Structure formats: structure tokens, C-alpha cells
Amino acid sequence: MAAAPRLLLGFLLVLACFSETCFATITFSSLPRTLVVTASHPQRLLKAGEDKITVRWGLNQTLAAGTDSAYKSIKVELCYAPISQVDRAWRKTVDNLSKDKTCQFKIVKGPYTTTNQSSEWTIERDVPTATYFVRAYALDAKDNEVAYGQNTDAKKTTNLFEIQAITGRHVSLDIASVCFSAFSIVALMGFFLAEKRKGIKAQQ
Amino acid sequence: MEISSNGAETQPKFALPVDSEHKATEFRLFSVAAPHMRAFHLSWVSFFACFVSTFAAPPLLPIIRDNLNLTATDIGNAGIASVSGAVFARLAMGTACDLFGPRLASASLILLTAPVVFFTSIASSPVSFLLVRFFTGFSLATFVSTQFWMSSMFSAPVVGTANGVAGGWGNLGGGATQLIMPLVFGLIRDIGAVKFTAWRIAFFIPALFQTLSAFAILLFGQDLPDGNYKRLQKSGDKQKDKFSRVFYHGITNYRGWILALTYGYCFGVELTIDNIIAEYFYDRFNLKLHTAGIIAASFGLANIISRPGGGMLSDAMGKRFGMRGRLWTLWTVQTLGGVFCIILGQVGSLSASVAVMIIFSFFVQAACGLTFGVVPFVSRRSLGVISGMTGGGGNVGAVVTQLIFFKGSRYSKETGITLMGIMIICCSLPLFLIYFPQWGGMFCGPSSDKTATEEDYYMSEWSSNEKDKGLHEASLKFADNSRRERGRSVHSQTLPSNATPPANV
């Protein structure tokens, strides 16, 4: 009789442990900063769609060997600096990584190697005008983040760079807008004239 | 020439049965017969187009805010600007309808605001974004011309229904645009355009739709069952009225002001919800933007039956209980809308929230329809000004509500919604003060004074000079036709006296 409740308790405990692993929320503050990331660019103000950023990442050599045993792949992302997050809740930094919106653009994703790697990335044309830094996450076999590195300090104030977005405007669009607008106004005036003529006719 | 007679007459030239003013006494939804039903379809489609244009930006904001580098404050200000432009535009439109006719007034406004929608494609900063949203919002003044046109084409038994369906199906645009714009944007982007260019091209669709609807109004519409204002004025059948008199009689009618306030707390609330509800669901329940957008759209889409339902309910109540029935129903439905708004802010689960929101949308939109079952009777000479005041009041309500409860982070959105519900209930109370001497008010019956007839009420808007010139003829006909607002039991007792003098003798 005493065994049954104990079994139940044990079962529940095991279940709890499993749920911890299955649905564990990964927080940014729990990740160790073990990677060293640098980003180089031709000038501080970069143009989307034209300029390139060269990103280098690798394990911090001063750490003990075996720190990176769980790292299977690397994900490097472009992230918003605090100044570009002010009054913009859709770019908010949240500790829970599944809800975090700091890093919204993927630079490169690939397998992890112990040697340092680099990648040259042309800034995509849908990147908005803002101030950025680069962050790399090390992922384990289940694609969960287990470590990170970034090219700026913990307060995200150094080594930031600005990207200027494309306007999205084209001369053909401008001309089309002006033409259609003018057409609307001219058509309205034409109708008024026609109405006036009809009015005069009705009087006659 | 024309010989007027009492009671309904079926002229061979009209497809629908008409009254002595040639206004239709029946509403046939699936007919496009000129001039009545054609006017109906032209007005609701053009109003729908204006709503689509005005609320075309919100569903695309995730793209636009990155392209134009907008902050949350910029977005909030643009949202307020989009509904504030129409406050005075609606009043101006009301006056223009009284003076120039709804056909020219609405088509002119639509064609003058279409360029702004085209120019949205070349917006490049928060300031230009705010300006295009502000000026595009002016097009919402076509609401007034829609209601005016329906009140000119349809008679008392169906005027609430006609106003309600035209207004409701136009308001639908606010919901439909949340589905149309992302779809158009997706198509253009898949064809090969970059995101920041695709949204700009997408804006050509609402702009073109708006322009074409204005052309249709000018080509196929007419102001009154008998013809257009200009032709009728030139041939002497319609008198040209003076702006100062029309305006004066409109703004000195206290009922117009009360309705302006109460409309601010049904339609104004509807506009506010259009602007904030997607974000509310997205933030509170962590939905995807796409899902939040669909829920937001469903609020606006309820207009397909809720506002028309309000109009029909107003007509049904008017038939049985007269104007007093219309007023009581309006107050009841709007207050219940406030109650459900309070509940919406309090519920914490997603399914309960969606359910309450849908019930809330029915009540608040029906109240809009019910309001415009009362408006056509407040004034005959200044119908446009009264419609404009009420319509403008709706937008003022939206601006005030967003400023007090939904700007910055003073109140959480759910607290704001609850407080808005309380404000709805409080601001619906002034309906008790509306009183028509010939029909009564909510608490008082009609005056037993001998001078409290429909004719006395509508003739009070004309001076004796003007009456000598015969300018008041149309109002006299309307007074006769409005006698059914006494309600069924009273109407059958008082046979209509032959108060209409033979015309044109």
C-alpha cells in the first residue's frame, strides 16, 4: 500500500525532470560568453544591398579545452543596438530567448569547427536603418543555444556600426504617383465643366 | 407640371414604390434600379474604398515602420492623425451636401484625396507618413454624403435600413483592408519586388479603386430621385439655399450636439478599436501578427450585418413605437455595448476575449446604425449639417479616447478598454435629453400643445420671408411623410390632416 503513492511520486518527479528538459526556456543570462566575435567593415556607415561585413568567430583560446564539446553548429546574427530599440517594442530585448527580438537578421548558419572561421556577408536589402552589432550563438545537437559571443561589450556600447537602408523608392514609382494624381484632379475638373455645360443647356 | 398628392403613389418612371417626395418606400438590396438602389450601391462602394485607403497602412506597419524608421510614438501619432482629419471634413461635407448635392460633394472629396493615397508610395520619413495618413483620413467624410444621399433617396419606413446598410458595408472596408493589403503586398513581393518597394506599389490598389469609384458616382449617380441639384435648381424645381441659414439652423439644434457626443461613443469607439485591437491581441496573448490581424479584421467585418441590423431595428421600433422607440433602442444597445467593453478589458483568456469582442462589436456597430435612424428626423433643411456634426462627433470621440486611454504607457491596454467601456455608458446618458415636441422623448410623451405638429417643427427652420417665397415646400412634404414617427397606435388614431398645400399653383 505504501509503495503505490511512492511510485506515483517518483513517476511525477521523473515526468517533471523530462518536462524541464523538453520545455526548458533558455535564457540569455544563462549562456556563457565563450566565443570571440569580430566584425570588420569598410566604414562606419554602411549601405544595405551594397556594402559587405566580414565576420570572424571562434572559441576563446584562454578557456579550458573541452568547453566546446557540446557545440555542433553556429548561428551568426545581426542585432539591434540599444539606441535603435528605444520606443520600438518590436525590437525589445527579453531574457527568454524564444521571445527575444534583439537579433532579427541571420548572417550565416553552419557547422561548428574548432578552428576560427570567417564569412563575408553582403547586407541584405530589407535591413532597416539602425545601429547594429554582431552576435554568434553556439548551438547543440538539438539546435538549442548553449553559448554566445558578440563583437561588442556586455552593455552593447562599443564597436557598433550603422546601416543605411534602401529607400525602396524608384523614379518610375514617383512618376506614376504624380501622373495618376494629376489625372484624378484633371478628370474632376473635366466633370465640373461638363456639369456646367449641362446646366446651361437645361436653362435654355 | 408635377401634381403632388397625399399618400404613396407609384409613378411609372420609378422601379420602386415612392412617397410624395419620390423617395423609395422599399429597400431592395439586389436591385440596381436607378435612381434609388443605384445611388445606394454607388455610395456604399465608394465609402468602402475610402475606408480601405484610410486603414491600408496599419496591416503593413511592420514593413513600413522599418522602411521609414518609425518609433511607437510616430505610429501612435499617425493613427490619431488618420481619424482627426475627418472631424472638420465631415462638418464641411455636410454643408456641401446641403448646398451642392451629395453626388458632386462626395466625388470631389474622393478625387481630391486620391492623390494623397498615391503619394503614400513616395513617403520617406515619419513626418511625411503622418501627413499622408492625416490627409487620407479626410476621405472618411464621405460617410456624411452616404447618409445624406440615402436620407434623400429613401423614405421614413426604410431610411434607417438604407443608412445602416450603406454605412455598415462601407465600414467593412476597415476590416477588409486588413486582409487585402497583406495579400496584395505578398503577391507583389513574390513577383520579385523588394519588401521596401512592394508595400509602396501595393498602395496603388486602394488609390485606383478610390478613383474609379468616384468616376462611377459622377457618371451613374444623381442627387435626388428627380434629378441633380444643378439641373433642378436651374429649372426651378429645387431652390438654392443660403449657406449661412443652413449652417445656423444646423448648429443651433441641440439634438445635433447630443447625437454628436453619443456617436463619438459608438463610432468613435469602433475607430479606436480598429487602430489598437491587433496590437492588443498580439501583445496580451502572444499571437502571431498574422493571427492578430485576422482577429482585428473580424471586428470590422461584423459590420456586414451589425450596423444594418441596427438600422433595421430602428425602423422596426419606429414603425411600432415611433421616435420614442428609436431613442430607447439606441440608448439600450449603446449602453450594452459599454457593458461588453468593460467585460472585454477584464477577461483573461484568448477564446473568451474573442467571443466578448465579437458580441461587443455587434452592439457598438448596431448603435451606429440606430443613431442614423434618428438623425434624418432632426432637421430637414440642415440635414447635411446635422449629419456632418454627428459624423464629426464620431471622429472626435475616436481622437479623445485614443489620447486619454491609448497613448503612451499610462494605462495598460486592458485597463484602457475597461475605462473606455465606462465612458461609453456615461456618454450615452445625454440621449435622455432629446425631445421632439411632436413625438416626445425617452421619458416624456409628445406635447399636447396645438402647435406641436411635424409641420411646426420643420417649419420653424424657415423665416416667414422664406416661406413667402415658397422655399419651404420640400420640408412640408417631409413633415407629412414623417408623421409615422408617432408610432402605430397613435398614428392610426390621428388621420393625417391635409396640411400639404397644392404645390405650384
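User: Before we start, when does a charge count as sitting over a ring?
Analyst: A charge sits over a ring if NZ of Lys or CZ of Arg is within 6 Å of the ring centre and within 35 degrees of the ring normal. The model discussed here is predicted.

User: Where does the charged end of R381(B) sit?
Analyst: It sits over the ring of W462(B), 3.8 Å from the ring centre.

User: How many aromatic pairs does the structure hold over all chains?
Analyst: There are 45 aromatic pairs over all chains. Among them is the edge-to-face pair of F377(B) and W439(B), with 5.9 Å centre to centre and 90 degrees between the planes.

User: Which parts of the chain does that pair link?
Analyst: The pair links distant parts of chain B, 62 residues apart. F377(B) lies in the loop between helix 16 (350–374) and helix 17 (383–405), and W439(B) in the loop between strand 1 (435–436) and strand 2 (440–441).

User: Is F377(B) buried or exposed?
Analyst: F377(B) is buried, as is W439(B).

User: Which residues do ring pairs link into a cluster?
Analyst: The cluster comprises F27(B), F40(B), W44(B), F48(B), F154(B), W169(B) and F209(B).

User: Turning to chain A, what is the order of the open sheet?
Analyst: The three strands have the order 1-3-6, with antiparallel pairing. Strand 1 (35–40) and strand 6 (117–122) are the edge strands, each pairing on one side only. From one strand to the next, the twist averages 20 degrees.

User: Over how many bridges do strand 1 and strand 3 of chain A pair?
Analyst: Strand 1 and strand 3 (residues 52–59) pair over six bridges, in the antiparallel sense. T38(A) has R56(A) in strand 3 as its bridge partner.

Notes
Residues numbered from 1 in each chain as written. Chains lettered and ligands numbered in written order. Predicted model: local features only at pLDDT ≥ 70, side-chain atom pairs only at ≥ 80, totals over all residues. Heavy atoms only, no water. Phe/Tyr/Trp six-rings, centres within 6.5 Å; stacked < 30°, edge-to-face > 60°. Helix = DSSP H or I, 4+ residues; strand = E, 2+ residues; numbered from the N terminus. Buried < 20%, exposed > 50% of the residue type's maximum accessible area, 1.4 Å probe, protein only. Pairing = 2+ DSSP bridges. Axes fitted to C-alpha atoms, helices over the stretch in contact; angles between N-to-C directions.
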